[in-house]
Amino acid sequence: DLADLHSRKKFPEFDFPAAQPVTGELVGWLEYLGQRRFNRIEKESSQRHLSHLLSYPLSLMYALEKVGGAAAMEASVMRLVFVGARAEANLPAKGWRELGCALRFEQLMLEMVGHEVSPEMSGKSQSIGGGISLNFHRGSVSDLPSLASAPEPSAFALFNSGVGFAGSRQDDCWHSSLQQMLQTGVPMVFTSHSEQDAARDEAELEKLLGEWDMGHEWLMRPQLNPFRSLRKDPARNNVRHMISTNHSIFAIRGRPD
């Protein structure tokens, strides 16, 4: 797929149809892409290309629908915070504009927070149309100046976080950020690279929540994500191991006293 994408050929599937509201539940790729009238979705290569581009916004919309229903999908102003942002911070604007096909809002604020956010983008904000803005912060969510300011985040998204991997190496890099997000009581949506990765993330979170004596609620236990990327890519820490971006998905929130 990567060689194909770098071949300079034209890919009609990347000519996005005009944004229009989708109806019914978010079920999976074929149903969504068909309703949106994307090109060449009968081809498996096109499904892989589009799923990799759209996995981030569709995974988040799917989780919000599952854990909060219609109430979580509509607000005058929505604020979504992406914690530990990497690839999602570089997603083309048309990918994020897809959020407007299922979410109902007047203003949507997307905040990319992480140590891999480009230094050149940190502190900057840009409008991408459709009432959507992108804001960038290089660093941890625990030192995000605007976290406590209005509007309150609607959700946190931690894509392929590696929380469990960090725990297996006795690395506490996630601890302060997790504690701060849990204290808000706002839904936290996680994805993982595989079933095994999700199980490790779940076990680590259970352990930490017990150690911190933190009230919490599992909104969605780890499950196969119907909006995972259908493309296989080598893992960052082991190029011989092939992974699927956003393979599994789950959600939790803190219940502070």
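Analyst: In this predicted model, a polar atom of the R79 side chain lies 2.9 Å from the backbone oxygen of P151. A polar contact requires N or O atoms within 3.5 Å, and the pair formed by R79 and P151, at 2.9 Å, meets that limit.

User: Where is R79 found, and why does R79 count as buried?

Analyst: R79 belongs to strand β1, which covers residues 77-83. Its relative accessibility is 1%, and buried means under 20%; R79 is therefore classed as buried. Beyond its neighbours within four places in sequence, R79 is in contact with several residues, including M109, E111, L144 and P151.

User: Why does P21 count as exposed?

Analyst: The relative accessibility of P21 is 57%, and the exposed class begins over 50%, so P21 is called exposed. P21 sits in the loop between α1 (2-5) and α2. Leaving out residues up to four places away in sequence, P21 touches Q35, C101 and R104.

User: What makes up the largest nonpolar core?

Analyst: That core has 46 residues, and L26, Y32, L80, F82, W96, L103 and L110 have the most contacts inside it. Among the elements that give two or more residues to this core are α2, α3, β1 and β2. The largest share, ten residues, comes from α3.

User: Which residues does L110 touch?

Analyst: Not counting residues up to four places away in sequence, L110 touches L80, F82, W96, L99, I132, S133, L134 and N135.

Key
Residues numbered from 1 in each chain as written. Predicted model: local features only at pLDDT ≥ 70, side-chain atom pairs only at ≥ 80, totals over all residues. Heavy atoms only, no water. Helix = DSSP H or I, 4+ residues; strand = E, 2+ residues; numbered from the N terminus. Buried < 20%, exposed > 50% of the residue type's maximum accessible area, 1.4 Å probe, protein only. Polar contact = N/O pair within 3.5 Å; in protein donor to acceptor, adjacent residues only side chain to side chain. Contact = heavy atoms within 4.5 Å. Core = buried A, V, L, I, M, F, W, Y, C linked by side-chain atoms within 4.5 Å.
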